[in-house]
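Dear colleague,

Please find the structure below, handed over for your review.

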Amino acid sequence: MKVLEPLIFEQSAEGRTGVDLPELDVPGQDLTALLPEEMLRQTEPELPEVSEVDAVRHFTRLSTFNHGVDTGFYPLGSCTMKYNPKVNEMLARLPGFVNLHPYQPEELTQGALRLMSELQDDLAEITGMDAFTLQPAAGAHGEMTGILIVKAYHQHRQDAKRTKVIVPDSAHGTNPATAAMAGYRIVQVPSNERGGVDLEELRKAANEEVAALMLTNPNTLGLFDENITEIARIIHEVGGLVYYDGANANAIMGLARPGDMGFDAVHLNLHKTFSTPHGGGGPGAGPVGVKEFLAPFLPKPLVKRKENGKYTLDYDRPLSIGRVRAFYASFSVLVKAYAYIRGLGGEGLKQASENAVLNANFLMSVLKEPYHLPYDRVCQHEFVITPKNLKSYGVHTLDLAKRLLDYGYHPPTIYFPLIVEEAMMIEPTETESLETLERFAETMIKIAEEVRTDVDLVKNAPHTTLVSRLDEVAAARKPDIRWKKSE
Amino acid sequence: MTNPVELKYSKDHDWAKVEGKVVTLGITDHAQESLGDVVFVELPAVGDKIAAGESYGTVESVKAVSDIVAAVSGTVVAVNEGVVDAPDTLNNDPYGEGWLVRVEADDLKPLDNLLNVQQYEALLAEEEH
């Protein structure tokens, strides 16, 4: 049954309350005597007045309108919406972790510091780096931290001519945004016909003005760049550094290490690859790892193991770029990552990556017939298809995405990467069974068939959801996001 | 929509119209078609310098945010505020009301690298395959 839920404000009735407060049994205070006048509001706040049960029903109903990894398949490419074991949630909620206070003295937080120290070491081993900071709050924040480290390194060498950062055209938008925020000019290099970096163009762009190259490998097409060591060599030869965007680490975790490929700095998205649910706005964590020569520039404090075996927060780091976040990190995310890594172990991490790659290649091999596959080669944890072969029916990727909603799936990422027209980017993740993948593939095949036989069914989708197509244009041009009491 | 013969076109789907030293810049019909409904346009201010081959603004659609690349270097002498206020103008009339900026060019030479309408349409046909 399709029932739209009214806003909680629309369910409000004057004077109705959720709780009955007892009579005041202490002397009343005059607010105007306690607070300066400019802090006092002149009008009553417009808050909804509802009973407890109505509030509970409202939010419970809203929660059932949502689609999450716990309710269904969620192949949102580039985002790694994988299932995260609930045991890691339980561990992050252990009272000893939850009740920690960041101002507690070190002798009372040895367990937490040890966890952080060991996680730093584990992430360094997984990525082939020498030192890690856990501070950054998410992926883009990690990138920013990494590029500020690069900048500090060049400045420390008194090399002022480095004004550019090279970014491939397949990059996540956060890469050029990060470099621009750090004050660099962006030089974009095109992809070659195999979807990797065009080496000739890279050689042309590489000169002594280059501070760094930012690269995701596998890239946003889900393809591993086999030329990676040559790419790193070209940049190193002109004195630039090579930065690894770890957004796609889900394909290589335990199998290949950015440090071995020639990268100098890397960030990981713990909330994608290392078991923290995401998509709800956080918190995430984007630790940054670097090679030894960049370690002095890492943010401070760093967790350090002292000679007596005790752990401490090391602030004595004169070359550090400083703090990038209040306190120490998104600590509960670190606990989940630690639990995930230790739970799976080296072999388990490897298997997770292998399964992610296997699942993606299985779906790709089934879907390349009913759809168009722009780069036909073995993929990593995700791949990009398009409905180019169905173009004559006037159908767009958006229509296919909407039709998938009717079958209970969260659509894949659409219209990204930008270098593929009408892109549809599918990342099944490692936790899905063969049966789930087969059902999804059958649905995709069926939708391609529907396009041929009844294209309007697809173009007007979704039909079974609570609301059909929303006016995205009006929402973007004239956003109306604040409730106001109608006069 | 037909691509006007009097314009010059870039491989990035931008167009340029030359009138003396003043060059009007915009994006092509194919560009607006691929972008989908445009919701936001960001342009430089009058007096700003722009450089050939570099981004001078952005166009945001419901699908993506794209850079607009300048075909010439020069000083911005006029900005189409109409398209900033009503971004759908870009979708409806990319070659007319949807022009973006007018630039007094430092040098008209870079325009020689642009395509004429036949070359541009050949490029579009090639991209189809």
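In chain A, helix α6 (residues 139-156) and helix α7 (residues 174-181) have axes that come within 9 Å and cross at roughly 45°. Axes here are lines fitted to C-alpha atoms, for helices over the stretch in contact, and angles run from 0 to 180 degrees between N-to-C directions. Helices (H or I, at least four residues) and strands (E, at least two) are DSSP runs numbered from the N terminus. The two helices, α6(A) and α7(A), are therefore oblique to each other; angles under 35 degrees count as roughly parallel, over 145 as roughly antiparallel, 65 to 115 as roughly perpendicular and the rest as oblique.

This is a predicted model: local features need pLDDT of at least 70, side-chain atom pairs count only at pLDDT 80 or more, and totals for chains, interfaces and linings use all residues. Residues are numbered from 1 along each chain as its sequence is written, while chains are lettered from A and ligands numbered from 1 in the order in which they are written.

On the α6(A) side, A:G139, A:A140, A:E143, A:M144 and A:I147 meet A:T174, A:N175, A:T178, A:A179 and A:M181 of α7(A); contact requires C-beta atoms, placed from the backbone, within 7 Å. By class, this contact of α6(A) with α7(A) has five nonpolar, four polar and one charged residues (Ala, Val, Leu, Ile, Met, Phe, Trp, Tyr, Cys and Pro count as nonpolar, Asp, Glu, Lys and Arg as charged, and the others, Gly among them, as polar).

A second pair in chain A is helix α5 (residues 110-127) and helix α12 (residues 331-367), which pack at an angle of about 60° with axes 10 Å apart. That makes α5(A) oblique to α12(A). Their contact involves A:A112, A:L115, A:M116, A:E118, A:L119 and A:D122 of α5(A), with A:F331, A:L334, A:V335, A:A337, A:Y338 and A:I341 of α12(A). These residues divide into ten nonpolar, no polar and two charged.

Helix α13 (residues 397-406) of chain A is largely enclosed by the rest of the structure, because eight of its ten residues are buried (20 or more other C-beta atoms within 10 Å of a residue's own; exposed is 12 or fewer, partly exposed in between; C-beta atoms are placed from the backbone). The buried residues of α13(A) pack against β11 (413-414), β12 (424-426), α14 (434-453) and α15 (455-459) of chain A. Just after α13(A), A:G408 takes a positive phi of about 85°.

Finally, seven residues of chain B are in contact with seven residues of chain A. The chain B side has four nonpolar, one polar and two charged residues.

Yours sincerely

Methods. Two residues are in contact if their C-beta atoms, placed from the backbone, lie within 7 Å.
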